[in-house]
Amino acid sequence: MASLSSLFDPELLRRYDTPGPRYTSYPTAPQFSPGFQEADLREMAAITNGDPIPRPLSLYLHIPFCTSPCFYCGCNRIITRDTARGAAYLTRLYREVAMTSALFDRDRDVEQVHFGGGTPNFLSPAQIAEVMDVLRRQFSFAPASRLDCSIELDPRFITPDEVGELAAAGFNRASLGVQDFDPDVQRAVNRIQSVEQTLAIIEACRTHGLQSVNVDLIYGLPKQSLEGFSRTLDITLEARPDRLAIYSYAHLPSMFRPQQRINADDLPSPEVKLGLLQCAIDKLGEAGYVYIGMDHFALPGDSLALAQQRGDLHRNFMGYTTHAESDLLGLGVSAISHIGPSFSQNPRDLGSWEQAIDQGHLPVWRGMRLEEDDVIRADVIQRLMCDGALDYRDLGRRHVIDFTTYFADALARLRPLEDDGLVELAPDGLRATSHGRLLLRIIAMCFDRYLPTAAASTPRFSRTV
Amino acid sequence: MTSPLVFPRTDASVVADDGDALHFCSTCAFSQACLSEGMDKRALMDLHVLVEHVGPLRAGEHVFREGDPFGAIAAVRAGTVKTYQIDRNGHEQVLGFHLPGEVIGLNAIHGDRYPCNAIALDTVMLCRFSFPKIALLAARLPNLQQHLFRLMSHDIGVASLFARDNTADERMAAFLIGLSRRLAARGFSPRRFQLTMARTDIANYLRQAPETVSRVLRRFEKDGLLHIKQRDVEILDLPRLEALALAVLRD
């Protein structure tokens, strides 16, 4: 593996700083249509049950509530301090669990559970444990050795003892939101979070035997400076989280209302923003982290890094994962499912989701059935995002196509990227250069059949860096 | 690319290949019988006017139902047709899966009603032959008659294949090898094909629980006999799988 510092080429990063999808799915969510409804989801579940060896299941649970608004956030969330809303939400969530679990044969093991939000720990540890109990009753869980249970935690609203309760409920991974420890930045984004409480939660995760701790940082936030972010990185790396995500802040106030409360004048210049990324990459390299892909880094012994070395890394809506393909069931408001050759999404507004469940319906808002071409391109993009490389013969064999003929257009689109040194093209495959690895999605975009139409409307995707 | 077609994926040439008065469809169930013995053009035209192209039928549509009046046999041109009966307790019994080039409705010949149901498992196209007319023609054409008899006796053989006492592994191996040979005979890849039938259908046909189907296939995969991804099967060790199937298949 190339050293991390070789990832960084400021000139290329500047040139390719264009909006692009993150490819947690292909086709991406803007392609979903309201023509895909409840009956379609039932049919897809039945089809996947009919596979000779049905795939295991992954569950994603969306908890939409947050106590306080972080101004940078682009997630689907509801700000409230009323904990009763959490209990009311769970009542309906359990109904959704009951309706959807009935669609799947009982010999299909759940191998992955992820709680995201919002703030999952808006719920009390007792409530979260109750959700896990309900899930265990309604689905068949894989043995603990094969089961990944992860939860996104806001360290401001959980105590070290409560982390122990979550571990007892079966969670073995946690992802902590940090963003930046600099007090000026924290004030500007309305997220005051002390170093002490954050480190105490990381420590508690270790004490209670969680296998992996991830920390999220963001660069490009208002008031961010090289000195401040550098200090944040030092403090974070001192705690040696197994995984680190360094996200780029995308300021799109017209799309994400909370961002309107950020003063655009406080945002770092493009030069400073690139400097922040370089600082992060340098420090992570010195600390011995390896690059996984997109915004993700891990310690060399972490399961993600090991899976990447084996060429066995996968990517789904929950990000990078070691689990080979599973059918993903999203539960809760706005959650996305990937069942067989289909995507489907629950309503993004709480009212519609509640209404569907109250009327006894699976809350499907929109989705799509994948055609053969979609499946082939999804595989190509997934390999690219996970391996940073494509093996044409392997892909051609898998899909019974002649890769270079099938993708003649895409390969032509890649030529300028080759000239710019992002990618090396060979007769039997391609490989992102070390400079191109931070720009994988630019390479992936060449294989996206929907992009010309998707890009024609206003920016729906965040910037690539 | 020179690799053979992976069933049931059909390229444009197969779908467009409707045959005409003097040519057979590429998957025609009768082409071998007629061509090998040199049928003259007149006889060929006589046969072809009997043929009615039916479809496409979508997955879940019935070709015929038990008790429907029998008047025609049909050859599968594309896709898979499942035949089944409903027993006295209301349980489905899968009788067989019919692939391109194979004929359905033969078991109706002795009566005047279809004794089973036939349903499309994916997009299916058929050639339908009026049975009284083809019987009349067969009386004039010994080759055609012989071929009809051969098809009928083969149909009986297939139905009794899994009636005997074999292990779950042997039955699964025989099922896969059977599919592989039948597909190979129609020009499809014998090593790579899609299982167009659901796990419950395979289980029902092999008289196994669905969980057993998956367990046996997982074991086959672990032993390097085959690789499965969703519905796609790739046989990696054909000789070993054939050896395992030998207990069920006699040749």
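Modeller: What follows is a set of questions on labels and the values behind them; the model is a predicted one.

Biologist: Why is C149(A) called buried?

Modeller: Buried means under 20% relative accessible area. C149(A) has 0%, so the label applies. C279(A), at 13%, therefore counts as buried too.

Biologist: Which residues have the most contacts inside the largest nonpolar core?

Modeller: That core has 134 residues, and those with the most contacts inside it are V113(A), F115(A), L135(A), F297(A), L414(A) and F447(A). Helix α9 of chain A, residues 270-286, gives the most to this core, with seven residues. Another core, of 36 residues, lies apart from it, and includes L195(B) and I235(B).

Biologist: What is F115(A) in contact with, leaving aside its neighbours within four places in sequence?

Modeller: Its contacts include L61(A), I63(A), M132(A), E152(A) and F171(A).

Biologist: How many aromatic pairs are there over all chains, by a search of the whole structure?

Modeller: The search finds 19. One of them joins F403(A) and F447(A), with 6.3 Å centre to centre and 55 degrees between the planes.

Biologist: Why is the pair of F403(A) and F447(A) called tilted?

Modeller: Ring centres must lie within 6.5 Å to pair, and planes under 30 degrees apart count as stacked, over 60 as edge-to-face and the rest as tilted. At 6.3 Å and 55 degrees, the pair is therefore tilted. F403(A) lies in helix α14 and F447(A) in the loop between α16 and α17 of chain A, so the pair ties together parts 44 residues apart in sequence. Both residues are buried.

Biologist: What makes the pair of Y406(A) and F407(A) edge-to-face?

Modeller: The ring centres are 5.0 Å apart and the planes stand at 65 degrees, so the pair is edge-to-face. Y406(A) has a relative accessible area of 32%, so it is partly exposed, whereas F407(A), at 1%, counts as buried. Ring pairs link Y392(A), F403(A), Y406(A), F407(A) and F447(A) into a cluster.

Notes: Residues numbered from 1 in each chain as written. Chains lettered and ligands numbered in written order. Predicted model: local features only at pLDDT ≥ 70, side-chain atom pairs only at ≥ 80, totals over all residues. Heavy atoms only, no water. Core = buried A, V, L, I, M, F, W, Y, C linked by side-chain atoms within 4.5 Å. Buried < 20%, exposed > 50% of the residue type's maximum accessible area, 1.4 Å probe, protein only. Helix = DSSP H or I, 4+ residues; strand = E, 2+ residues; numbered from the N terminus. Contact = heavy atoms within 4.5 Å. Phe/Tyr/Trp six-rings, centres within 6.5 Å; stacked < 30°, edge-to-face > 60°.
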